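The following note sets out numbered points on the structure shown below.

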Amino acid sequence: QGMDSAYDDDSMLDSHFALANDINARGTSGWNENEDGSFAGFDPIGAAEGDFFRQFSGSLDGRGHSITGLFVGAARDTAGLFAATEGAEIRNLSLTGLRITAGSMAGGVVADAVATELDNVHTSGRVAVVSDFGSAVVGGVVGWMSGGTITDSSARTAVRVDNPGGEGSSTDAGGFAGIVSSGSTIARSFSTGNVTVVSTGVFGVDANVGGFVGDLGGLIRDAYSSGTVRFDQTGSDSLSGGASVGGFAGTHDVIEPGTMIRTAAHGAVIANGAGLEINVGGHTGANNGTILDSYADGAVTASSEATQNVGGLVGLTDGGTITNTYATGAVRTSGDAETRAGGLIGLNGDEDGTSTTVTASFYDPVRTGRAPNGLANYGQAVSTAIFHDTTAFLALAGAQGWDFARVWAPGDSGA
């Protein structure tokens, strides 16, 4: 049950639809019974299963209406209202009370979105991937975004991945999007749901986990996230792979450097790496792109028996630029292996000597719990008193290029 257009008939995949009323979709929890008596639920529009792709290329205008209680069970590799889209347009739609689970890729609206335009689209509920082995990509609005734009949208959606790990296993999870590839743009959007990734395998996993986006190679501007981000690796003390975990972005893509402009991370970040190498930041786990006019104020807690890089803003950065940023959240670490931790940045630079230029960026050494390390491009320590004194901070940051007329809104004294 569903639109049933994926496998049997693709004649409607390029059609144009509009909602005339709200839709109560709670009954989908009893659709499409499996052999074991469970239910597969709604059959997503389009298909992306293995090598089989049929993308929706038409349009859907919700006209301000909502679809409530949509259920998609765990029987499918790819799940969402839409499994796959290409060149589609989706607008003015709310999906509330979602219950979506997939085996590999899931998104609240679209699992696999290629050159797709979304505007004024909102989700709430739960989106999850339960993977037997291999890759897991999940986001509150889209799973994997390849090109296209998303504007004025939100995700109030709990996102979760359970991945047993293994050689070659990967996870990309974000409160709004799992992966945002080069050529994609998201603007004026936010996510508030918690993001949780649990990896249980003895071989580890390559994971990118963020409050807004897991892996970013595109552009995000005017966006924020506020949910708690948690990564837990269980099992062996000696694992392959690694994890990059951030309050806003997991990885600011090291292959296709992306850009984040006017972004904020408010949620706590918690990473337990066991024996896995981890990069953990209040805003971004690992960065080599552009971060401009952005900040993080959530606490960061990291633990691993392998190398860890942990920062109030960024855990590891090895390229690009960081300009006009700050961090104020507590930075806490534990573990017996090498740990680089800082109020703004954990480690700046890689084995090849590539590093990031950091300009007009600040952290509070008292609230972060991290004293200056005396090195260049790790940010400037600023006292709590100056952070709390609006006039003093405006003078300090304004002299270094912050734009308080068009970008930054001065807060009240004591903020």
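Leaving aside its neighbours within four places in sequence, with which residues is Leu-81 in contact?

1. Basis of the note. This is a predicted model, in which local features need pLDDT of at least 70, side-chain atom pairs count only at pLDDT 80 or more, and totals for chains, interfaces and linings use all residues. Residues are numbered from 1 along each chain as its sequence is written, and side-chain values use heavy atoms, with hydrogens and water left out.

2. Surroundings of Leu-81. Apart from neighbours within four places in sequence, Leu-81 is in contact with Phe-42, Pro-44, Ile-45, Leu-60, Ile-67, Leu-70, Leu-93, Leu-95, Ile-100, Gly-107, Gly-108 and Val-109. Contact here means heavy atoms within 4.5 Å.

3. Nonpolar cores. A nonpolar core is a set of buried Ala, Val, Leu, Ile, Met, Phe, Trp, Tyr and Cys residues joined through side-chain atoms within 4.5 Å. Buried stands for under 20% relative accessible area, exposed for over 50%, and partly exposed for values in between (1.4 Å probe, protein chains only). The largest such core has 82 residues, and those with the most contacts inside it are Leu-81, Phe-82, Val-109, Val-142 and Phe-231. A second, separate core of 12 residues includes Val-382, Phe-387, Phe-393 and Ala-397.

4. The open sheet. Helices (H or I, at least four residues) and strands (E, at least two) are DSSP runs numbered from the N terminus; two strands pair if DSSP finds at least two bridges between them. Nine strands form an open sheet with parallel pairing, in the order S7-S10-S12-S15-S19-S23-S27-S31-S35. Its edge strands, S7 (78-79) and S35 (339-342), each pair on one side only. Within this order, S23 (residues 240-246) runs parallel to S27 (residues 278-281), with four bridges joining them. Val-245 has Val-280 in S27 as its bridge partner.

5. Enclosed strands. Strand S8 (residues 82-86) has four of its five residues buried, so it is largely enclosed by the rest of the structure. S8 is joined to the parallel strand S11 (residues 110-130) by four bridges, and Ala-84 stands opposite Asp-112 in S11. Strand S25 (residues 259-265) is likewise largely enclosed by the rest of the structure, because five of its seven residues are buried. Six bridges join S25 to strand S21 (residues 219-225), in parallel, with Thr-263 in S25 as the bridge partner of Ala-223. S25 also pairs in the parallel sense with strand S29 (residues 290-296), over five bridges; there Ile-261 stands opposite Leu-292.

6. Aromatic pairs. Rings of Phe, Tyr and Trp (its six-membered ring) pair if their centres lie within 6.5 Å; planes under 30 degrees apart count as stacked, over 60 as edge-to-face and the rest as tilted. By this rule there are 17 aromatic pairs. Why is the pair of Phe-176 and Phe-212 stacked? The ring centres of Phe-176 and Phe-212 are 4.7 Å apart and their planes lie at 5°, so the pair is stacked. The pair links distant parts of the chain, 36 residues apart: Phe-176 is in the loop between strands S15 (170-174) and S16 (177-180), and Phe-212 is in the loop between strands S19 (204-210) and S20 (213-216). Both Phe-176 and Phe-212 are buried.

7. Phe-362 and Trp-402 form a tilted aromatic pair, 5.7 Å centre to centre with 45° between the planes. Phe-362 lies in strand S37 (residues 357-363) and Trp-402 in the segment after helix H3 (390-398), 40 residues apart. Phe-362 is buried at a relative accessible area of 0%, and Trp-402 counts as buried at 5%. Ring pairs link Tyr-295, Tyr-326, Phe-362, Phe-387, Phe-393, Trp-402, Phe-404 and Trp-408 into a cluster. The charged end of Arg-367 sits over the ring of Phe-387, 5.6 Å from its centre; this term requires NZ of Lys or CZ of Arg within 6 Å of the ring centre and within 35 degrees of the ring normal.

8. Asp-364 and Thr-384. Asp-364 is found in the loop between S37 and helix H1 (365-368) and is buried, with a relative accessible area of 0%. Thr-384 belongs to helix H2 (residues 384-388). The side chains of Asp-364 and Thr-384 are joined by a polar contact of 2.6 Å. A polar contact is a pair of N or O atoms within 3.5 Å; within protein, one must be able to donate a hydrogen and the other to accept it, and residues adjacent in sequence count only if both atoms are side-chain atoms. Leaving aside neighbours within four places in sequence, Thr-384 is in contact with Asp-364, Val-366 and Arg-367.
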